[in-house]
Amino acid sequence: MIIAFAFLAGMTLVSALGVVLSRSVVHSALFMSGSFLGVAGFFVMLNAPALATLQVLIYVGAVTVVILFGIMFTQRPQVRRYRTIINRQIWPGLFVALGVGAFLAYVLTVQDWTGTEPGNGLRSVADLGNTLLGVGGAPPIFGLLFEVASVLLLVAMIAAIVVSRRRTGEGVDRGVEE
Amino acid sequence: MPPQLQPYVQQGLDVVNQTIPLEGYLIVAAIMFAIGAWGALIRRNAVVVFMCIELMINAVNLTLVGFSDYLPGADGAGAGYAVLVIAVAAAEVAVGLAIVLAVYRSRKTVNVDEINLMKW
Amino acid sequence: MTSVGQQLIIAAIPVLPALVFVVLALFGRYLGESAQYVAIFGVATSLVFSAFSLYFVIRAQTPIDFAVNWIDLGPGGSFPMGIYVDGLAAVMLVVVCFVSLMIQLYSGAFMQDDSRFAWYYAVLNLFTASMLGLVVAPSFIELYVFWELVGLCSYLLIGHWFEKPSAAKAAQKAFIVTRIGDAALFVGIIMFWREAGTTSFQGITEAAQAGFIGGSLFTTAVILVFVGAIGKSAQFPLHVWLPDAMEGPTPVSALIHAATMVAAGVYLVARTYDIFVQSPAAMLVVAYIGGFTALMAATMALTKKDIKRVVAYSTVSQLGYMMLALGIGSYTAGIFHLYNHAFFKALLFLGAGSIIYAINSYNLTEMGGLRRRMPITFWTMVVAGLSLAGIFPLSGFWSKDAILAATYEQHFYVLYGMVLLTVFLTAFYIFRAIFMAFTGEPRSEGARNATESPGIMTGPMVLLALLSVVSGWVGIPALFGAPEGGFFERIVQPSALANETLALEGHEFSIALAIVSTIVALLGVGLAYLLYVREPERATSLARRFAPVYNFLDDGWYFDALYERVFVRPAMALGRATNVFDRRAIGGLVSGVGRGTGGIGERLRRLQTGGAQNYALFILLSVLVIGVIVGAQYTVLVIGLIALITLVTVAVGARL
């Protein structure tokens, strides 16, 4: 278990760092999907395989692709100097991020977690489904949340189309520049 | 396997097989969140900022699912919330990238620093 | 006991002119020149009522006394508003109303083309009302209220032509100098009130008698009250405002600075006589200041070229006479002189006004030969001059002589000498002025073309001239066939208490002293005749020869220069310093707050960098800070650390 945990943790965190520090945008995207895979592995360890599947399908599958599309449309050449990709907030940002991380870690670990045992997670898809719909022992609010989420997805779809449509008079995207 | 090594192997297996404490997952999630936050503050490219935001969301999901597995009274609600979070995040990516494309079209740049009309 | 009808009549005396003031102040703009009729109606009615009150008091032989509760805070804090009219007050009421009426008639012509005609009449009536209120006051507080009002009206009237800077300055000077007196008066009032628990004259007298008020404290309080009288009556050393007050219109000078306001000081001493007599030291102070002032002012009048200033100094001098009389215990003589003086002094001013109206100049060197051109003015001025000089049998003679005789007979020989010398000087300066103005050849274009003034001006003058002759006859002593002590003494005499305390011996009328004073006066007239009719060049050559003396007298014994150096300049410097402090320090503080806020705002504005990541940084930082503060165990250490990080972050972040 520990080996798996250590490996997954390393993969996730290194990939996260890769997202932030990579000089190429595409490399960042790929690091991101690596990080997603690590998290999927964690989900498996946490007795939520259905969720792990969803994670891979949606994040690694859909989100990464969408982001790659976005990169493609807003292409920037790979740069040589870090100055070009990193703004001036690097050190303050580091301090603040470290602070936040430390604070979170502190808050989460200072709690008394005795008596918790792994194994309470939902192991079957059916259980996950029941939970999502708010039936069968799960908080009933999930029903509403499920419906709201679907509406949200519809709205987001429409919004994305509306925001990014080409208005009359705007020039055609020329694609690659420089 | 030589029987003299049995106790050592057993010890090693015990060590290897012991349950991961909840704090472990939580700390990993915290670190991932911190890295994502740092990246969101640091990078000039708007798309990369997006990616870092996704990292942060995933860290949260990890925490939620961790709780859902370890806490007895939750009935797996954490995982349910995690699903909903994934849905919302996906929606957000869609709209966000649409905005980035629109901005790119009008200003020919995705450099966050150059979008500062609200400057004094 | 007085009936309600009588009370109303007497209460109406000061109220009517006050109402006229309100009416004219509000509607003067629409009334214009007809404001004078409203005013004259008011004062005439008050005059009739004053005559009534005199009649009541004479017939009833007791004073009229009633009051209403104004402020009552319990024992020691009760301040009623009341009216107290005895012989003294009744006489004063009649005098004030009469002179005010004459002045208001006269002003109709004199102030004809003035742009603020109605306002002039309004303030004139407010003044009359205040003076009448002062006269009937039975307590110090009520007196002080009207005292201040009178001072205010004097300021407003002196400064009536405030476009002239000299007039504005003169008004200020009058107000400030009398203020000094007023402040002393107020302190005196407080002292009395504290010791006696009341401010009514009667109450304080009784308290003093019963010994509630200690010796030196009592004398100090009495002298402080007298200082107030010094201020209002322009005695030494607060006399400097009266000559400058001549910047006001001449009728104002006639009313206020001849007959009424300046008499307020004398009236105060007379009204509180029962208190004064209990302090022999204070009485001496009063007498000597009065005598000295009389002599000093007479010397200052000798060299003046401005006819109004000659008369002004004359007023100061005559007031000195009155104070002297009161100080040595001759209450009746002092008040008698006050009463006579009101008439002939007002007449002298009105005559001067008539000349000014005719030739548009007040400078004696530009007059001359007006005798044939302005006969009425000439003869009335001569009558007034003779009365002032104290020539038998005009009114001035009887009262002046009474004072002189009293001074001699009570063994105040130094004072007698001073006063006798003053008689000489008085006669001299007034006839110097009259001769310079009316005899000889005209010395200027204006004088050549002078004509007599209109009837509404000469009418009052003639009336006052008549009074200047006969008003004294009510005080003719027994020797000449009138009842013992004369009519006047029956009406106006000190209370039994005062008489007891003073324990003066009665005196028969002394022919010898009368002859002495008349001769001295005639000598003065003669000298004036010599120097200004017969050989005018002698006057100028004498002036040149004794130039330092001449300048000393002409510059008012250099009092103005002295006060200017010692008081005015430091005060002005203090004023300027305070102004600078106010503008720079306090103003700077106030605008500094504004500028500081602006500056901080200017700096804080740099936080708006427009960069979303910048804002995100600040947000995260704030969340971190809040979280740590809420949850921290080692608060101080953590807060310090947070502060450090925050500062660094902000500093870096804001420079983006």
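A: Helices (H or I, at least four residues) and strands (E, at least two) are DSSP runs, numbered from the N terminus. This is a predicted model, in which local features need pLDDT of at least 70, side-chain atom pairs count only at pLDDT 80 or more, and totals for chains, interfaces and linings use all residues. Residues are numbered from 1 along each chain as its sequence is written, while chains are lettered from A and ligands numbered from 1 in the order in which they are written.

Q: OK, where is Ala196(C) placed?
A: Ala196(C) belongs to helix H6 of chain C, which covers residues 165-196.

Q: And is Ala196(C) buried or exposed?
A: Ala196(C) has 21 other C-beta atoms within 10 Å and is therefore buried (20 or more such atoms count as buried, 12 or fewer as exposed, and anything in between as partly exposed, with C-beta atoms placed from the backbone).

Q: Which residues does Ala196(C) touch?
A: Leaving out residues up to four places away in sequence, Ala196(C) touches Gly203(C), Ile204(C), Ala207(C), Phe212(C) and Ile213(C), where contact means that the C-beta atoms, placed from the backbone, lie within 7 Å.

Q: Switching topic, how do H14(C) and H18(C) pack?
A: Helix H14 (residues 307-328) and helix H18 (residues 395-409) of chain C pack at an angle of about 45°, with their axes 10 Å apart. The axes are lines fitted to C-alpha atoms, for helices over the stretch in contact, and angles run from 0 to 180 degrees between N-to-C directions.

Q: What do you call that orientation of H14(C) and H18(C)?
A: H14(C) and H18(C) are therefore oblique to each other, as angles under 35 degrees count as roughly parallel, over 145 as roughly antiparallel, 65 to 115 as roughly perpendicular and the rest as oblique.

Q: Which residues of H14(C) and H18(C) make the contact?
A: H14(C) contributes Tyr321(C), Leu324(C), Ala325(C) and Ile328(C), and H18(C) contributes Lys400(C), Ile403(C), Ala406(C) and Thr407(C).

Q: What about strands S1 and S2 of chain C, in which sense do they pair?
A: Strand S1 (residues 64-72) and strand S2 (residues 78-85) of chain C pair in the antiparallel sense over eight bridges, and two strands pair if DSSP finds at least two bridges between them. Ala67(C) stands opposite Gly82(C) in S2(C), and in the hairpin, with five residues between the strands, Gly74(C) takes a positive phi near 100°.

Q: Last one: how many residues does the contact take from chain C and chain A?
A: The contact takes 15 residues from chain C and 12 residues from chain A, and H28(C) gives the most to the side of chain C that touches chain A, with nine residues.

How values were computed:
Contact = placed C-beta atoms within 7 Å.
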